[in-house]
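Please consult the sequence and the structure while reading.

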Amino acid sequence: MSEMRNDLLKTIDRIFDEHCAKPVRESAEAGEWPAALWQALEEVGVARAALPEAAGGSGIEFEDAMFALRRSAYHAAPVPLAETMLAGRLLSAAGIAVPEGGLTVAPVQRNDQLKFAKTAAGATVSGTAHRVPWGNVCAYAMVVGELGGKSMVGLISTAGAADGVEKNLAGEPRALLKFERAPLIAFAPLEGALSRLETEGALYRSVQMAGALERTLEHALLYANERVQFGRPIAKFQAIQHMLAVLAGQVAAASAAADAAVETSGLAPDEFAVSVAKSRIGEAAGKGAEIAHQVHGAMGYTREHNLHYSTRRLWSWRDEFGNETYWQTRIGRGVAASGADALWPMLSRL
Amino acid sequence: MHEFRYEPVQLPASAQALRSEVRAFIAEEVASEAFTPSRNSWNSFDADFSRRCGERGYIGMRWPKQYGGHERSALERYVVTEEMLAGGAPVGAHWVADRQSGHQILRYGSDRAKQTILPKIAAGVCFFSIGMSEPDSGSDLAAARTRATQVEGGWNITGTKVWTSGAHRTNYLIALARTAPKEEDRHAGMTQFIVDLSHPGVTVRPIYNLYGGHDFNEVVFDEFFVPDDMILGGVGMGWKMVTGELAFERSGPDRFLSTYQLLLESIRAIGPDPDDRSANEIGRFVAHLATLRRMSTSVAGMLERGAQPIVEAALVKDIGTTFEREVPETFRHLIPTEPTLGDGGSYPELLGMTILRAPGFTIRGGTREILRGMIARGLGLR
């Protein structure tokens, strides 16, 4: 681990230890914004970590920014860090100034479309976006649409746009945003913006799941070593050991897939590596959560135990920005169209 | 914090050149009908092919030139290995000698062993088997009963080894034998010997596998003499060497590419415009494969740096062989056919052969259960 990474790890873990205790997570699920946690993250530059320095970035490399994101998921932090990083990366790619504060992105569902229209003063956006993450909390959204047949990125205020809030399984808000000729603060063309939003969103959720899986394994190991039944810790039973070995395999594969996707996505997301990551890690999320709960028995089924903060996130994130079937089908179609003989050259290019 | 890091590996430019070279070699071999990829696995024994590999410098790649080696890096060797497997080359004759036996001899062998044996392995004319398992000692290797007693100038070995792949046509095997009675430390008193199978005192009998193939053997030693300079490492060092050897055996691409030919032929059979279900399953396998390759190359990088990634290697083998076994189980649902006995010359035969070989994937080189025990130890549970 590099020195930079090590310092970042210490800083981030300190922030989460201080500001992300159980009461904070619980009150966040009840709808209270964890202001102290977010402020601490902004103060050390993590919220603007994925941005180039010219765009107001904090000088943290992309890979380190993704490490910070992974760590925030390890701590089950109830903040829109992924969304803020994502909005910032696309805005700055389009040359639009990135505002302070938490940001969200829209649309995040394939059936939603936002329509941009030119006006005398600039441009407006109209349309409905479902399940916008933290859309009721973030003051601004990065929106993607088309104008005159061109792919566009825009910045918009979310004030008054929320028309109902659902929650994902982890209690994170997913808002219905409605825009009716709402004025864009800024807008600029960005080629393939919609597909980039989807792919980059899948990358960030993959990284988050890798972090949550690491915590899930840690919980399970800790519990198995502590819990005594039949006169010994259940970790001493071969059945439990094998379950934990399988869990470790899923966590290791998730970790490797996330790293591979991050390393190739420094400038823009690498579509193949991200498809692989979201597919493989989404599968690991389901299988891993199942084993971790089985090891915990009834205790892991309580609100009191902390395991659910990780597993409810895994069960949510694997379906956001495209589930395994979506990404696997895309990979499969590409591979089939290129033909069997093109597969190995593609797999071995790295 | 139990963190498994599979650090990225940057393949050197020389490895990329080597990759193109091996790919061209395999294409030539296939074009000249020297072999048919779909009929092969890494057990396929073809001494002529191995000799041609030796001539091209694809065996003993990491060893010093004085022993016939080529002083290449672990990553260059990795590239050759994965190209051979992906190309369906019949590498079975030299596989064990190249992957582990030669490496052990280089590290622990006497000068005579190194000088007489390694150049022949590298030339692709000298082949090895593994002499670890016994009738009453499979996963529990420390229960081995084959014993060696000291005599003038060497040792006499008596006992029986089983599941000895290829011993009816290899030249040597490395036998694990007990050289001191079992004590409290059951791992003590074990020694590894290089056994020349052309010498008297050893009988090799076939053990036919479930589809009637002859790969396994039973190897019986009766007062078989091994000179002192054919001991590996030292008397009593056997256990440590066996466990070290297995890290090399477990993390390579042979632990997730055993069913690659079936995956390829299935993609071919499904065609360029798959239905949703087929596209989904192909995509899932490709995602698994890309991830496994990342993990496996990373372990190769760790081995190159001299690390001992025993748990990381065990994880690769556990999830790699699980993947291998899923390939036939999935495609039989997608491509309506009935698996057929044969040598893999048609899709039903390739499917049939893969189904029949699949049980071995999660047994050879350490069963899935043994690996999970090792992983559990690495996690601090034992």
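A residue is counted as buried if 20 or more other C-beta atoms lie within 10 Å of its own. The model discussed here is predicted.

Q: Is A:A73 buried or exposed, and how many other C-beta atoms lie within 10 Å?
A: A:A73 is placed in helix α4 of chain A. The threshold for a buried residue is 20 or more other C-beta atoms within 10 Å. A:A73 is therefore buried, and the number of other C-beta atoms within 10 Å is 26.

Q: Which residues does A:A73 touch, not counting residues up to four places away in sequence?
A: A:A73 and A:A210 are 137 residues apart in sequence, yet their C-alpha atoms are 8.2 Å apart in space. Leaving out residues up to four places away in sequence, the residues touched by A:A73 are A:Q208, A:G211, A:A212 and A:R313.

Q: How many residues of domain 1 of chain A are in contact with domain 2 of chain A?
A: Chain A is divided into domain 1, residues 3-191, and domain 2, residues 194-347. Taken over C-alpha atoms, the centres of these two domains of chain A are separated by 23 Å. On the side of domain 2 of chain A, 23 residues take part in the contact, and the number from domain 1 of chain A is 23.

Q: Which element gives the largest share of the side of domain 1 of chain A that touches domain 2 of chain A?
A: The elements that give two or more residues to this side of domain 1 of chain A are α4 (62-74) and α5 (81-93) of chain A. By class, this side of domain 1 of chain A has 15 nonpolar, 2 polar and 6 charged residues. The largest share is 8 residues, and the element that gives it is α4(A).

Q: How many of the residues of α9(A) are buried?
A: The buried residues of α9(A) are A:L307, A:H308, A:Y309, A:S310, A:T311, A:R313, A:L314, A:S316 and A:W317. What covers them includes α2 (22-29), α4, α6 (193-226) and α8 of chain A. Helix α9(A) is largely enclosed by the rest of the structure, because the buried residues among its 11 number 9.

Q: Are α8(A) and α9(A) roughly parallel or roughly antiparallel to each other?
A: The axes of α8(A), residues 271-296, and α9(A), residues 307-317, come within 9 Å and cross at roughly 155°. Angles over 145 degrees count as roughly antiparallel. The relation of α8(A) to α9(A) is therefore roughly antiparallel.

Q: Which residues of α9(A) meet α8(A)?
A: Helix α8(A) passes α9(A) in a left-handed crossing. The residues of this contact divide into 6 nonpolar, 3 polar and no charged. From α8(A) come A:A285, A:A289, A:A292, A:H293 and A:H296, and the residues of α9(A) that they meet are A:L307, A:T311, A:L314 and A:W315.

Q: Which helix gives the largest share of the side of chain B that touches chain A?
A: The contact between the chains joins 42 residues of chain B to 40 residues of chain A. At least two residues of the chain B side are supplied by each of α3 (74-86), α7 (260-270), α8 (276-304), α9 (310-334) and α11 (368-378) of chain B. This side of chain B has 23 nonpolar, 8 polar and 11 charged residues. The largest share is 17 residues, and the helix that gives it is α8(B).

Q: How many residues does α4(B) give to the side of domain 1 of chain B that touches domain 2 of chain B?
A: Chain B is divided into domain 1 (13-126), domain 2 (130-238) and domain 3 (251-378), and the C-alpha centres of domain 1 of chain B and domain 2 of chain B lie 25 Å apart. Here 13 residues of domain 1 of chain B are in contact with 12 residues of domain 2 of chain B. On the domain 1 side, α4 (92-108) and α5 (111-122) of chain B each supply at least two residues. The largest share comes from α4(B), with 6 residues.

Q: Which residues of α10(B) make the contact with α7(B)?
A: Helices α7(B) and α10(B), the latter spanning residues 347-361, pack at an angle of about 145° with their axes 10 Å apart. Their crossing is left-handed. Helix α7(B) contributes B:Q261, B:L262, B:E265 and B:A269, and the residues from α10(B) are B:Y347, B:L350, B:L351 and B:T354.

Methods:
Residues numbered from 1 in each chain as written. Chains lettered and ligands numbered in written order. Predicted model: local features only at pLDDT ≥ 70, side-chain atom pairs only at ≥ 80, totals over all residues. Axes fitted to C-alpha atoms, helices over the stretch in contact; angles between N-to-C directions. Helix = DSSP H or I, 4+ residues; strand = E, 2+ residues; numbered from the N terminus. Parallel < 35°, antiparallel > 145°, perpendicular 65-115°, else oblique. Left-handed = near helix turned anticlockwise from the far one by under 90°. Contact = placed C-beta atoms within 7 Å. Nonpolar A, V, L, I, M, F, W, Y, C, P; charged D, E, K, R; others polar. Domains from an automatic or database assignment. Buried ≥ 20, exposed ≤ 12 C-beta atoms within 10 Å, placed from the backbone.
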